[in-house]
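Please read it alongside the sequence and coordinates.

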Amino acid sequence: QVQLEESGGGFVQTGNSLTLSCTSSEDSFRNYALGWFRQAPGKEREFVAAIAYTGVSTYYADSVKGRFTISRDNTQRALHLQMNSLKPEDTAVYYCAADRFTARKIILRPLSPDDFASWGQGTQVTVAS
């Protein structure tokens, strides 16, 4: 497992942008596909985006496609989520997660929370209407 810590959440107005980051102190970080999930009050945790361990393959939920961009820098052991054109329905606690297994090269479907074994503590994003 990999220790992860999110940062960058906050309060923004509709249409504005925010960038979330997730960092690790462990070199094994670079061996895992990574994902972002979010959970709004009273709702299940939902997939947002994922990126393969090489950074080449990415996948987005339909609800964020074209607005959010996931990226990673393995030399810095960092994962990012650039969120543009934010909407009130994007309000949630956002979590980064590391894959249950190493070396996932291609992501062809929305991933489930069960696909991930390591989680950060979450960071709150609130979008005001």
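In this predicted model, Glu6 counts as buried because its relative accessibility is 5%, below the 20% cut-off for that class. Thr19, by contrast, counts as partly exposed because its relative accessibility is 36%, a value between the 20% and 50% limits.

**Glu6**
- Glu6 belongs to strand S1, which covers residues 5-7.
- Beyond residues up to four places away in sequence, Glu6 touches Ser21, Cys22, Trp36, Tyr94, Tyr95, Cys96, Gly120, Gln121, Gly122 and Thr123.
- Asp99 is 93 residues from Glu6 in sequence, and their C-alpha atoms are 16 Å apart.

**Thr19**
- Strand S3 contains Thr19.
- Not counting residues up to four places away in sequence, the contacts of Thr19 are Ser7, Gly8, Leu81 and Gln82.
- A C-alpha separation of 24 Å lies between Thr19 and Lys105, which are 86 residues apart along the chain.

**Disulfide**
- The structure has one disulfide, formed by Cys22 and Cys96 with an S to S distance of 2.1 Å.
- This pair links distant parts of the chain, 74 residues apart: Cys22 lies in strand S3 (residues 18-23) and Cys96 in strand S9 (residues 92-102).
- The link of Cys22 and Cys96 is right-handed, with 55 degrees about the S-S bond.
- Both Cys22 and Cys96 are buried, and both are among the residues that Glu6 touches.

- In soluble globular proteins, nonpolar side chains tend to be buried together.
- Here the largest nonpolar core comprises 36 residues, and Trp36, Leu79, Leu81, Met83 and Tyr94 have the most contacts inside it.
- Two or more core residues come from each of S3, S4 (32-39), S5 (46-51), S7 (68-73), S8 (78-83), S9 and S11 (123-128), all of them strands.
- Leaving aside neighbours within four places in sequence, Leu79 is in contact with Leu20, Ser21, Cys22, Phe29, Leu34, Gly35, Trp36, Ile51, Ile70, Ser71, Arg72 and Cys96.

**Largest pocket**
- The largest pocket holds about 210 Å³ of space.
- Its lining consists of 14 residues, and those nearest the centre of the pocket are Arg38, Ala40, Lys43, Glu46 and Glu89.
- By class, eight of the lining residues are charged, three are polar and three are nonpolar.

Terms used: Residues numbered from 1 in each chain as written. Predicted model: local features only at pLDDT ≥ 70, side-chain atom pairs only at ≥ 80, totals over all residues. Heavy atoms only, no water. 1 Å grid on protein atoms, 1.4 Å probe; cavity = no way out; pocket = protein on both sides within 12 Å on 5 of 7 lines; lining within 4 Å. Points joined across faces, edges and corners; volume = space filled by probe spheres on them. Nonpolar A, V, L, I, M, F, W, Y, C, P; charged D, E, K, R; others polar. Disulfide = S-S within 2.5 Å. Helix = DSSP H or I, 4+ residues; strand = E, 2+ residues; numbered from the N terminus. Buried < 20%, exposed > 50% of the residue type's maximum accessible area, 1.4 Å probe, protein only. Core = buried A, V, L, I, M, F, W, Y, C linked by side-chain atoms within 4.5 Å. Contact = heavy atoms within 4.5 Å.
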